[in-house]
There are 2 protein chains.
Amino acid sequence: MNYKYPNLIAHIRRYVHLTESEISVIEFYFKPLDLKRKEILLSEGKICTSNFFVEKGCIRMYYINEKLVEQTTQFALDCWWLSDYFSFAKQSPTQYFIQAVEKSTVLAIEYQLQDKLFEEIPQLERYFRIMMQRALAASQLRIKLIYELSKEEMYRHFNTSFPQFFQRVPQYMIASYLGLTPEYLSELRKKG
Amino acid sequence: MNYKYPNLIAHIRRYVHLTESEISVIEFYFKPLDLKRKEILLSEGKICTSNFFVEKGCIRMYYINEKLVEQTTQFALDCWWLSDYFSFAKQSPTQYFIQAVEKSTVLAIEYQLQDKLFEEIPQLERYFRIMMQRALAASQLRIKLIYELSKEEMYRHFNTSFPQFFQRVPQYMIASYLGLTPEYLSELRKKG
């Protein structure tokens, strides 16, 4: 079968069983967003109405700090989910921006539609339970790394764990994620 | 009805419907742990075999940093879930300790039994999906606060958001969670 969103469908099928008719229902509820590099998906002050799946590409979440500098808090590459889950769950205004890092296809599922989807295909609760648990595990690890590692160690950890980032993501975004100045990141990269 | 674990059952029922016989199944699968103050639930190097629900009391997660000092990363009060979700999902050794902060009753569900429970009562996938999403939202917020707030602001935010902590949790644990020395925390508390 040719699916509209092959990566999403394959990803869900790694965790739960789906019939062909359930796949049609899923594809009906998701809205595809073809984003140009740097296109904004969500802006501070708006309600984060959707949960986003990266079908292809890379997006990031950031906020503007008090020095008016972008502080990146998360990246999501192919087949990761990203949302401001506080704003999403409460349907309250977000403090974040979500932006395409490169040309990307993102699939958005709105809050109310996600609940309807759970009614129609209850095994998706399992899929999302596993996705949320996985993201929570990553977030617990990130907090530990922030406490534990020096900035240089954080760079080395990130470089070893996710080498593809350095090819795909602009240096200033990585620097912001790691809490480094772009100049210091550039020095570290030269040191290798 | 008198339930063995009234807080757990009431908490699940806020999110999903349960019959009396389903409640018996749930109560069968959970193992109650009556913990003394400072009793250890999980130690570094062991596999985190269980997901923990605080029926009553307070527990915390910490690791020993390279200066051999306890670094607290999370607290869980009544009706919160806590686990090292990386170790739990992979059944791999943890880098953390989980410890009772005060006399507590904690309900533990083992990894394999949680999966059996999902088979028997599929609507629990929804309950845990919501719990994981809620914990993820809290973790996203915590990362933002770590980036954004000075240590003094972190203290004020925490004091305003969770005043009950300061009555229940020893000062040195709060200091460690906030990244302060106990002396500096004591100064801030005097300033009010």
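Let me start with B:Thr94, which sits in the loop between α3 and β7 (97-100) of chain B. Keep in mind throughout that this is a predicted model. Is B:Thr94 buried or exposed? B:Thr94 is buried, because its relative accessibility is 4% and the cut-off for buried is under 20%. Its side chain reaches the backbone nitrogen of B:Tyr96, at 3.0 Å. Leaving aside residues up to four places away in sequence, B:Thr94 touches B:Leu42, B:Ser43, B:Glu44, B:Gly45 and B:Lys46, and also B:Asp84 and B:Ser87.

Of the 7 residues in β8(B), 5 are buried, so the strand is largely enclosed by the rest of the structure. Which strands pair with it? One is β1(B), residues 31-35, which runs antiparallel to β8(B) and is joined to it by 5 bridges. Within that pairing, B:Pro32 has B:Leu107 as its bridge partner. Another is β3(B), residues 50-56, also antiparallel to β8(B), with 6 bridges. There, B:Ser50 stands opposite B:Glu110. As a reminder, strands of a sheet pair through backbone hydrogen bonds, either parallel or antiparallel.

Now chain A. Here 4 strands make an open sheet, in the order β1-β8-β3-β6, with antiparallel pairing. Which strands are at the edges? They are β1 (31-35) and β6 (81-82) of chain A, each of which pairs on one side only. Between β1(A) and β8(A), residues 104-110, there are 5 bridges in the antiparallel sense. On this pair of strands, A:Pro32 has A:Leu107 as its bridge partner in β8(A).

A:Ile130 belongs to helix α5 of chain A, residues 123-148. Its relative accessible area is 18%, so A:Ile130 counts as buried; the cut-off, again, is under 20%. In sequence, A:Ile130 is 121 residues from A:Ile9, and the C-alpha to C-alpha distance between the two is 15 Å.

That leaves the contact between the two chains. How many residues are involved? There are 35 residues of chain B in contact with 35 residues of chain A. The area buried between them is about 3,400 Å², and carbon and sulfur atoms give 57% of it. In chain B, the residues that lose the most area to chain A are B:Gln140, B:Lys144 and B:Tyr147, together 20% of what that side buries.

The largest share comes from α5(B), with 17 residues. Sorted by class, the side of chain B that touches chain A has 17 nonpolar, 10 polar and 8 charged residues.

Methods
Residues numbered from 1 in each chain as written. Chains lettered and ligands numbered in written order. Predicted model: local features only at pLDDT ≥ 70, side-chain atom pairs only at ≥ 80, totals over all residues. Heavy atoms only, no water. Contact = heavy atoms within 4.5 Å. Buried area = accessible area lost by both parts, 1.4 Å probe. Helix = DSSP H or I, 4+ residues; strand = E, 2+ residues; numbered from the N terminus. Nonpolar A, V, L, I, M, F, W, Y, C, P; charged D, E, K, R; others polar. Buried < 20%, exposed > 50% of the residue type's maximum accessible area, 1.4 Å probe, protein only. Pairing = 2+ DSSP bridges. Polar contact = N/O pair within 3.5 Å; in protein donor to acceptor, adjacent residues only side chain to side chain.
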